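Keep the viewer open and follow along as the elements come up.

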Amino acid sequence: MRLAIFLITLVIVLFFASLLSGAANAPIADSIAALFSGQGPLGTVMQHIRLPRAILAIIVGLSLGLAGAAMQGYLRNPLAEPGLIGISSSAAFGAVVALQTGFAASFALALPAAALLSAFVAVFIILLLAGPRGGALTLILAGIAISALAGALTSLALNLSPNPYATSETVFWMMGSLKDRSFTHVQIALPFCVIGWIALLSTGKALNALTLGEDAAQSLGINLSRTRLILILGVAAVIGASTAVAGAVGFVGLVVPHLLRPLVKARPSALLWSSALGGAAMVLAADIAVRWILPDRDLKIGVLMAIVGAPLFLHLIYKTRAELS
Amino acid sequence: MTQLTTQNISVLRGTCPVVDHVTLSIAQGDFVGLIGPNGAGKTTLMRAMLGLIPSTGTASLLETTLAERAKLAAWMPQNREIAWPVRVDELVALGRTAHGKTDANDPAVGRALTQMGLDNFHARIATQLSGGEQARVLIARAIAQETPILMADEPIAGLDPASQLATMTVFRDLAKSGRTVLASLHDLGLAARYCDKLALMDRGKLIAFGTPQDVLTAQRMKDTFNIRAYYETGPDGPIFQPLEVLS
């Protein structure tokens with residue numbers, strides 16, 4: 001309970017910090033007044049640039065953290081992350097095709113729609129490959145195959161690109177960013193994410209039972225096929241939608257559950273909601289940091305996450321090794 | 001009242017029958033040891049009886065839904081998996097999943113831990129225990145499910161002699177209290193001493209089912225295990241000792 005209060009407070013504080021961070025260095029009181037009034041240029045900045053950006057950071061962070069905790073719980077592996085089953089790379093492939101073919105410029109939601117569509121095609125193929133009764137291992141193998149294929153096709157699209165501008169735009173998009181997003185992006189991501197969040201949060205009891213392995217969980221009354229279907233569709237919805245609006249943001253789904261696991265006594269169900277909140281806090285913090293560190297250079301959030309996340313993860317591995325020896 | 005039955009149950013792996021038309025009827029309150037050489041189909045038979053793998057034929061548990069089955073039969077698989085560093089009482093409380101809430105303060109959790117001699121282990125982290133202690137915790141988890149049927153796959157493998165005897169005593173006491181216990185066992189000496197009945201399997205078929213004295217005959221030991229063994233009914237129960245491999 002104390003952890004929940006702490007994480008919610010942290011998200012709220014970071015949400016307001018995100019609203020107050022940006023190129024227009026206005027006084028705090030003016031910014032908050034403009035947020036509610038919407039008057040003047042500052043009102044436009046607050047309501048149409050910073051507010052959707054901060055909301056998207058929460059949506060994307062909740063999604064990445066929750067999907068990471070769910071994947072780790074289902075696969076019983078602290079190294080699992082949402083990217084493992086190929087959803088994010090497939091969504092990225094859809095977006096790359098949209099950017100390279102010029103489809104992305106045809107209407108505002110073309111890019112996220114292509115990314116989402118590609119993510120769901122990937123899910124369909126994964127479910128076909130893994131089969132109705134397949135266990136965790138077949139899911140990982142199918143995911144690795146899809147991930148590799150999507151990666152190769154993305155490279156092919158970049159390789160054959162006739163237009164250097166489209167290529168650089170694609171490469172930057174793939175680094176992940178929340179810059180220049182609008183409420184239209186919130187509108188496309190939110191419905192998928194809400195459905196995905198509900199689906200993933202509903203797997204808590206099954207993930208707890210899976211602590212004992214698949215056979216024991218099933219003998220405790222857990223329908224594993226249904227759990228797996230809910231989990232894959234939930235991860236696809238939240239990761240597909242998040243990648244569609246923010247590009248590829250790695251490490252959140254891997255590091256956040258790892259950081260919070262000791263604080264929830266390793267209970268997979270408690271790790272779901274706590275990682276969701278932790279993920280939201282981490283993405284908000286990263287999105288504030290990219291605006292503070294290099295305000296003029298458009299530092300990408302995916303790049304920052306990897307730069308900060310990788311050493312943090314190495315530290316966690318070192319700590320785990322020390323505990324095990 | 002007969003509680004645990006199978007009728008002509010078979011499991012195919014490809015075209016090869018791993019379990020071959022097994023018909024078995026275990027009465028309530030019996031502790032039955034499922035014995036047989038490696039690869040005889042013991043684990044597969046128990047998993048098929050629980051509906052964990054597809055099979056043909058019928059079994060009493062398969063006539064129930066997954067949720068009903070979880071209240072009827074507890075299952076302790078051979079691979080003793082504990083994925084996360086959770087507290088022992090929280091792990092044992094997972095046995096209450098089918099009953100709704102998994103609460104470490106549930107009286108059933110305390111009873112199961114006491115039964116397995118784990119009273120001082122409530123707050124210990126399960127993954128930090130020794131292999132034998134983990135095995136006892138997982139048996140406590142299955143006991144906490146408080147089902148009329150308990151099925152365990154090699155529950156005493158890897159335990160020290162005292163823990164083996166204690167675990168077999170717990171199973172026998174559970175059976176005496178009216179529960180039906182089916183456990184696959186490789187220690188034929190303990191099986192003979194503690195089980196009410198033995199079911200002997202070989203190459204997917206049920207070869208014999210009856211009291212230890214009826215099942216553990218010299219001829220059957222030769223035919224199925226290719227061993228010569230010593231069997232005697234002593235003053236405090238049967239004594240079985242494998243002596244040599246037959247050439």
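In chain B, β10(B) and strand β11 (residues 237–245) pair in the antiparallel sense over 8 bridges. Two strands count as paired if DSSP finds at least two bridges between them. Strands are DSSP runs of E with at least two residues, helices are runs of H or I with at least four, and both are numbered from the N terminus. A hairpin of 2 residues joins β10(B) to β11(B), and B:Ala229 has B:Pro242 in β11(B) as its bridge partner. Strand β10 (residues 227–234) of chain B is hardly covered, with 0 buried residues among its 8. Here a residue is buried if 20 or more other C-beta atoms lie within 10 Å of its own, exposed if 12 or fewer do, and partly exposed in between, with C-beta atoms placed from the backbone.

A word on conventions: this is a predicted model, in which local features need pLDDT of at least 70 and side-chain atom pairs count only at pLDDT 80 or more, while totals for chains, interfaces and linings use all residues. Residues are numbered from 1 along each chain as its sequence is written, and chains are lettered from A and ligands numbered from 1 in the order in which they are written.

Now to the open sheet of chain B. Its 6 strands run in the order β5-β6-β7-β3-β8-β9, with mixed pairing. The edge strands, each pairing on one side only, are β5 (73–76) and β9 (205–210) of chain B. From one strand to the next, the twist averages 15°. Within this sheet, strand β3 (residues 31–35) and strand β7 (residues 180–184) of chain B pair in the parallel sense over 4 bridges, and B:Leu34 stands opposite B:Ser184 in β7(B). Helix α6 (residues 161–176) of chain B packs on the sheet, touching β3, β6 (149–153) and β7 of chain B, and its direction makes about 150° with that of β7(B). Such angles run from 0 to 180 degrees between N-to-C directions, with axes fitted to C-alpha atoms, for helices over the stretch in contact.

Where does chain B meet chain A? In all, 23 residues of chain B are in contact with 19 residues of chain A, contact meaning that C-beta atoms placed from the backbone lie within 7 Å. On the chain B side, α2 (66–72), β5 and α3 (88–93) of chain B are the elements that give two or more residues; α2(B) has the largest share, 3 residues.

The expected span is 1.5 Å times one less than the number of residues.

| Helix | Residues | End-to-end C-alpha distance | Expected span |
|---|---|---|---|
| α11(A) | 23 residues | 32 Å | 33 Å |

α8(A) bends by about 30° at A:Leu190, and A:Pro191 follows within four residues. The bend is the angle between axes fitted to the seven residues ending at a residue and the seven starting there. Among the buried residues of α8(A) are A:His185, A:Phe192 and A:Trp197. The buried residues of α8(A) pack against α3 (40–75), α5 (110–130), α11 (224–246) and α13 (268–293) of chain A.

α11(A) is largely enclosed by the rest of the structure, because 19 of its 23 residues are buried. Just after α11(A), A:Gly247 takes a positive phi of about 75°.

Conventions:
Two residues are in contact if their C-beta atoms, placed from the backbone, lie within 7 Å.
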